[in-house]
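Open the model in your viewer and keep the selection panel at hand.

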Protein chains: 2
Amino acid sequence: MTEAHPIPDDTATGGMRRVLWRWALVAGIAAAILVIGPPAGITLQGWRLLAIFVATITASIVRPAPMGAVVFIAICVLAFTGTMTPVDALTGYSDPIVWLVLCAFMISRSVTKTGLGRRIAFGFIRLLGNRSLGLAYALVATDTVLASIVPSNSARAGGIVFPIARSVAEAYESTPGPTRRRLGAFLMTAVYQADVVACAMFLTGQASNVIIAKFAQSTGGVELSYATWFIGGIVPGIVSLLLVVYLIYRIYPPEVTQTPHAIQLAHDALSRMGPMSRDERIMLAVFVLIAGLWMTTAWHHVPYTVVALFGVAVLLLTNVLAWEDALSDRAAWDTFIWYGGLVHMAEALGDTGITRQFAEFSAGMTAGWGWGIALVVLLLVYFYAHYGFASITAHVTAMFIPFLVVMIAAGAPPALAVLGLAYASNLQASLTHYGTTTAPIYFGSGYVTQREWWTVGFVISLVTLSIWGTLGLAWWKLLGWW
Amino acid sequence: MTEAHPIPDDTATGGMRRVLWRWALVAGIAAAILVIGPPAGITLQGWRLLAIFVATITASIVRPAPMGAVVFIAICVLAFTGTMTPVDALTGYSDPIVWLVLCAFMISRSVTKTGLGRRIAFGFIRLLGNRSLGLAYALVATDTVLASIVPSNSARAGGIVFPIARSVAEAYESTPGPTRRRLGAFLMTAVYQADVVACAMFLTGQASNVIIAKFAQSTGGVELSYATWFIGGIVPGIVSLLLVVYLIYRIYPPEVTQTPHAIQLAHDALSRMGPMSRDERIMLAVFVLIAGLWMTTAWHHVPYTVVALFGVAVLLLTNVLAWEDALSDRAAWDTFIWYGGLVHMAEALGDTGITRQFAEFSAGMTAGWGWGIALVVLLLVYFYAHYGFASITAHVTAMFIPFLVVMIAAGAPPALAVLGLAYASNLQASLTHYGTTTAPIYFGSGYVTQREWWTVGFVISLVTLSIWGTLGLAWWKLLGWW
């Protein structure tokens, strides 16, 4: 998943003291909220939930422990303090959305394991890889195609595309150090920035998009189906993909521009792979089936999760995915644990009335602005607040609902507010080297300095915001969505 | 967990054909049930649930795939056929009982990792290990003490006690082959048979005991708390432990009777371990705290699962348990998946009315027997049916509720019926070398032939049935429970 947080180094290497300070900060924030006490109309129990939720989000930012452990402890606190009954605290774990994410992990693993992902990548490279710009497009195309069913961007951009990008760079003797700008730095930057766009293009672009769809429905009354998300994103998405890669090629160019060797590499790899294996063919069929069923939900009404469960069941029955393999996917279980806990906490918070009070309060603040201004200002605040988040999910669970509520209260069309926030939630990951889980992988490869990474990220954020804010708006108007 | 089914060898080594035949059998049974169709008063949906449930239980016996995969597929079928809504099919995963089991896995892992389990074992050996009979008692004592909070008998009897038993046997030059009867064969048999008794003594003796408690409440209206279970089991349990080990020492004696070297071994191991580490001390404190809180639920009313969550939270916060370590416990996730699915299916089946119809039908059959006879006959059938089960949980989920319903319908006091079935569910594991998950470990060590194993198992089953059927009955009468 996008959000398959690897274990933070800090807890392992950094001093125990730093960890203790972080826990102290988390506990302090919870204590402060408890001391302030609930305003009129909010129950003490609801207020306690807010304190635990804010503490959990804080912990997801300062990371005194891995995310899974943080949420596990939060559930314990919820149940132990009687803020929720045990059943209620654990409800998230039977939420179909959480299981969709778990299934997606298993599907990703199969795409990787069968070699189908690599085959797609080498196919694109053979087609487009003659120049370094084309090579970047080939890698981006792979990532985008996979994003149609693999909502784990660390699995697709990290697990499948990254090793290929690095090995091509190394084939052109570009390694971290003096030769980094020959090819590697460009590829890493371009693929990462385009991956962020691919995340925005599909409901399955990254894991928290399904949470966004859930919040959009529950808070905004707007249904973001797989098809809606895709249709809304396709025009600004494709333009962004093309432009972002090209722009990076201009402002942060590689020294090597012709890459015939990459084509040779792809040829060799493909002929080594031989014809598609039985497992690969089954995986491809499941891939097409899942994407097809998700795209056509409006006709057959089979829920997304059931489609995903079905896909996994086929992979298990045909032994394309070995159960033992699924069990050893630690990132899957980590995500399952923190996802299930967090999703339900955010949901339950909506029932306390706190969100509504917050909206009423904020509506007063933006009163007289006109909804257009309010929408733009709030979206920009939302977007650039991502400098403070190391995870799209943390950002979404913390800010999506309140911002959506305020926008709607300010008079913005709900559909527009939802679309704006939904796509922004993904595009904002361009900003930093910790914006989403693939960032540490690409940045961590050592080809790009932090200064370069942040500069390119900021420029690209302006570009994508402009594209989605003009072309996107026009496209959604054309579709009659607002 | 008792039921942390390792991946069956068959699917890996045995032919694809055998796997296909097994799936065909599973599907055939489901089809047969569907063809027969529901009797009057049962909905088609309820009947479909029965077909899927029976197919799942069949698959848990013939094992065409690992248990986790089987249940995963069953959930998919439930949701895909509309037999349950996705949320309903997944409800088990927010059941506190399922989480109690998950927490127990994490606690077990910490008991093992900190070395506390080994320290307890060597402590007992230093105290009692001078003769081979005492040595067996020392190992059994370790297992029994751990059973008070570790409901994973493969973690305690398999993970902690087994390696020590084997290394002591090897120290006396008893290995599989000609020297097996010197010491190893006796130790393996005695520890396994006593482990089965330890399983019966605690609500946490093995994983399905919590399911039994749930069924006892929902079907029999009998509350089996941690304290009730323990008080009911302590007298027949301790007598059984003492007698079973001694009896095996007589009928299946080791050639080596004096084992002073074991004491030396324990001394050495303990001095190598040095004083208790910080992690061990914390683990011990958590151990005592959890057992204490579970024992005293009647006073403070904190649910078992909350206590377990609290214990795990303390272990995580103090870093005694690393999250990464918890994530890599494949057996934990496997059990979580199949447990959550199966528990809810069994529960939902109760709501279809099928169980009640079955009871009414069977009540006619046992009519005129007198409840005493009915109870004895049904208990014996239930007990020896375990020859056909490779897992206590499969047996319990398949047979516990119908047998309990029939016993109560025949006029047996519900408390007595529940106690009889609850303890029998554990003791029956003595019969075979696949009766519960520790069996393949102890049998698989190669010290004991299958013929010896089954003979001893059958003899011990007669002994434990006699003890629990006379002394147990008297003890529960004395307690005023029937």
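A salt bridge here is a side-chain nitrogen of Lys or Arg within 4 Å of a carboxyl oxygen of Asp or Glu. By that rule, the whole structure holds 24 salt bridges over all chains. This is a predicted model, where local features need pLDDT of at least 70, side-chain atom pairs count only at pLDDT 80 or more, and totals for chains, interfaces and linings use all residues, while side-chain values use heavy atoms, without hydrogens and water. Residues are numbered from 1 along each chain as its sequence is written, with chains lettered from A and ligands numbered from 1 in the order in which they are written.

**Stop 1: a bridge inside chain A.** Select A:Asp195 and A:Arg156. They form a salt bridge, with the closest N and O atoms 3.1 Å apart. The pair links distant parts of the chain: A:Asp195 sits in helix H10 (residues 184–201) of chain A and A:Arg156 in helix H9 (residues 153–171) of chain A, 39 residues apart. Helices are DSSP runs of H or I, at least four residues, numbered from the N terminus.

**Stop 2: the interface.** Show chain A and chain B together. Contact (heavy atoms within 4.5 Å) joins 40 residues of chain A to 39 residues of chain B. The buried area is about 4,100 Å², and carbon and sulfur atoms give 86% of it. That area is the accessible area (1.4 Å probe) that two parts lose on being put together, summed over both. The rule finds 2 salt bridges across this interface. Now pick A:Arg330 and B:Glu324: their side chains meet in a salt bridge at 2.9 Å, N to O.

**Stop 3: H20 and H21 of chain B.** Select residues 371–384 and 392–409 of chain B. These helices, H20(B) and H21(B), pack at about 175°, with axes 11 Å apart. Axes are lines fitted to C-alpha atoms over the stretch in contact, and angles run from 0 to 180 degrees between N-to-C directions. H20(B) and H21(B) are therefore roughly antiparallel, a label for angles over 145 degrees. Among the residues in contact are B:Leu379 and B:Phe383 of H20(B) and B:Phe400 and B:Phe403 of H21(B).

**Stop 4: H19 and H21 of chain A.** Select residues 354–366 and 392–409 of chain A. Here H19(A) and H21(A) pack at about 50°, with their axes 8 Å apart. The contact includes A:Phe358 and A:Ala359 of H19(A) and A:Ile401 and A:Val405 of H21(A).

Terms used: Helix = DSSP H or I, 4+ residues; strand = E, 2+ residues; numbered from the N terminus. Parallel < 35°, antiparallel > 145°, perpendicular 65-115°, else oblique.
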